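Okay, everyone, thanks for coming. Let me put the model up and we'll walk through it together.

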Amino acid sequence: MNNDAAKSALIETGKWVSQRGWVPATGGNFSIRTQTGFVVTASGYDKGHLAFEHFLELDTDGKVISGQGKPSAETALHLKLYQLVPQTSCILHTHSVAATVLSRFETSNVLSINGYEMQKSLSGIHSHQTPLEVAVFDNDQDIERLAERVAEYHQQSPILHAVLIRGHGLYALGNSVSETRRHIEGLEFLFACELERIKLESTK
Ligand SMILES: CSC[C@@H](O)[C@@H](O)C(=O)COP(=O)(O)O
Ligand SMILES: [Zn+2]
């Protein structure tokens with residue numbers, strides 16, 4: 001995808017994500033792989049009101065080629081995910097209530113979701129009996145260090161659709177903007193179901 005098409009797609013995606021309440025305040029960041037590297041949102045803006053000037057173009061090493069302001073504070077994680085999962089074309093990071101709470105409730109390093117038809121909204125899953133596993137990493141303000149932990153984990157258990165950062169949010173991956181959006185929508189539905197199930201079971 002060329003740079004301008006990438007920015008247009010992410011402006012539209014920002015409105016879509018924001019309308020659903022998944023990027024409150026200035027939370028979240030987005031990127032798309034381009035011919036020369038990737039386009040990423042600038043740091044500190046409302047992702048529901050993005051314009052062309054709110055993006056930077058980076059090369060494949062994460063060096064700024066053009067654009068104003070600072071690239072997202074979490075650019076190092078986007079860069080690492082593009083390197084680890086080469087088929088990835090779009091990364092969307094969101095801060096929904098469900099992802100934030102569930103990633104704290106889950107104390108292990110994997111959130112496993114099973115028994116839901118909607119698991120099939122994730123590429124490669126064809127049955128409600130195929131567990132959907134999402135790695136959960138402790139949050140870290142040192143994003144390079146967090147990215148290294150993600151890379152180490154990926155050597156043992158390859159990251160497919162997404163990762164959760166504990167008490168922070170979701171990073172969803174896909175081979176196109178529409179696939180990443182579908183992954184976010186499917187995952188958010190499943191996270192909401194799991195939260196409801198956990199609450200109901202606690203009252204039994
Ligand atoms: C609202 S604070 C959230 C940030 O610390 C961060 O987690 C985030 O998602 C947005 O950072 P940004 O630098 O704008 O890409
Ligand atoms: Zn964030």
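So, which strands does helix α5 lie across? Helix α5, residues 177–202, lies across β1, β5, β6, β7 (132–137), β8 and β9, and runs at about 140° to β9. Quick housekeeping: this is a predicted model, where local features need pLDDT of at least 70, side-chain atom pairs count only at pLDDT 80 or more, and totals for chains, interfaces and linings use all residues. Residues are numbered from 1 along each chain as its sequence is written, and chains are lettered from A and ligands numbered from 1 in the order in which they are written.

Helices here are DSSP runs of H or I, at least four residues, and strands are runs of E, at least two, numbered from the N terminus. Angles run from 0 to 180 degrees between N-to-C directions, with axes fitted to C-alpha atoms, for helices over the stretch in contact; contact means C-beta atoms, placed from the backbone, within 7 Å.

Now the sheet. It's open, with 9 strands in the order β4-β3-β2-β1-β5-β9-β8-β7-β6, and the pairing is mixed; pairing takes at least two DSSP bridges. β4 (64–66) and β6 (110–113) each have a single partner strand, so one side of each has no neighbour in the sheet. On average, neighbouring strands are turned by 25° against each other, direction ignored.

Strands β8 (162–165) and β9 (169–174) pair antiparallel over 4 bridges, and Leu 164 has Leu 170 in β9 as its bridge partner.

And helix α1, residues 3–19? That helix lies across β1, β2, β3 and β5, running at about 150° to β1.

Conventions: Two residues are in contact if their C-beta atoms, placed from the backbone, lie within 7 Å.
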